[in-house]
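Here is a short report on one protein chain. Look at the model first, then read on.

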Amino acid sequence: MTFDDITLICYTKGPGMAGPLCVGALVARTISILHNKPIVGVNHCIGHIEMGRLVTKAKNPTILYVSGGNTQVIAYSQKRYRIFGETLDIAVGNCLDRFARIINLSNDPSPGYNIEQMAKKGSNYIELPYVVKGMDVSFSGILTFIEELVLGKKNSVTKK
């Protein structure tokens, strides 16, 4: 593949951390100018959603978008993506990252994967508190509960 094969340069314009977004935009603009290609800024979340739609060939999906900083119920309506529900406090990805740190679980290859692998080996289930309000959800209670459990401040009720 050469730059002659490329017809458009895209970059993530947000949401995200300012530093990496600025670097990505600078590199994309530089490549665009050097190779005389049009440039388009893409919303990070929508980029993931559209990639998922492309791979799955889904026509009109309702999406549970989960990342480190976002947890949203999203659907396409009236020519736009609409957020129908979201986290009221912390995102699922953030919750899993923090949970992994609390129990000293490795980040390699990822906290969520490592939590899932440990859960597959388990036989006891701990009831966790969570809140659903309409289509909005809250996960901070789960994290607080687990932290207190690990630190010995709370007893758990387990089920087999």
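## Order of elements

From the N terminus, the chain runs β-α-β-α-β-β-β-α-α-β-β-β-α-β. Helices (H or I, at least four residues) and strands (E, at least two) are DSSP runs, numbered from the N terminus. The chain has 5 helices and 9 strands. Its radius of gyration is 20 Å, well over the 15 Å that the globule rule gives for 160 residues, so the chain is more spread out than a compact globule. That radius is taken over C-alpha atoms, and the rule is 2.2 Å times the number of residues to the power 0.38.

This is a predicted model: local features need pLDDT of at least 70, side-chain atom pairs count only at pLDDT 80 or more, and totals for chains, interfaces and linings use all residues. Residues are numbered from 1 along each chain as its sequence is written, and side-chain values use heavy atoms, leaving out hydrogens and water.

## Extent and burial

The C-alpha atoms fill a box of roughly 65 × 35 × 25 Å, taken along the principal axes. Of the 160 residues, 23% count as buried (under 20% relative accessible area; exposed is over 50%, partly exposed in between; 1.4 Å probe, protein chains only).

## A hairpin

Strand β3 covers residues 62–66. I63 and Y65 point to one face and are buried.

β3 runs antiparallel to strand β4 (residues 71–77), and 5 bridges join them. Two strands pair if DSSP finds at least two bridges between them. L64 has V73 of β4 as its bridge partner. The two strands, β3 and β4, form a hairpin with 4 residues between them.
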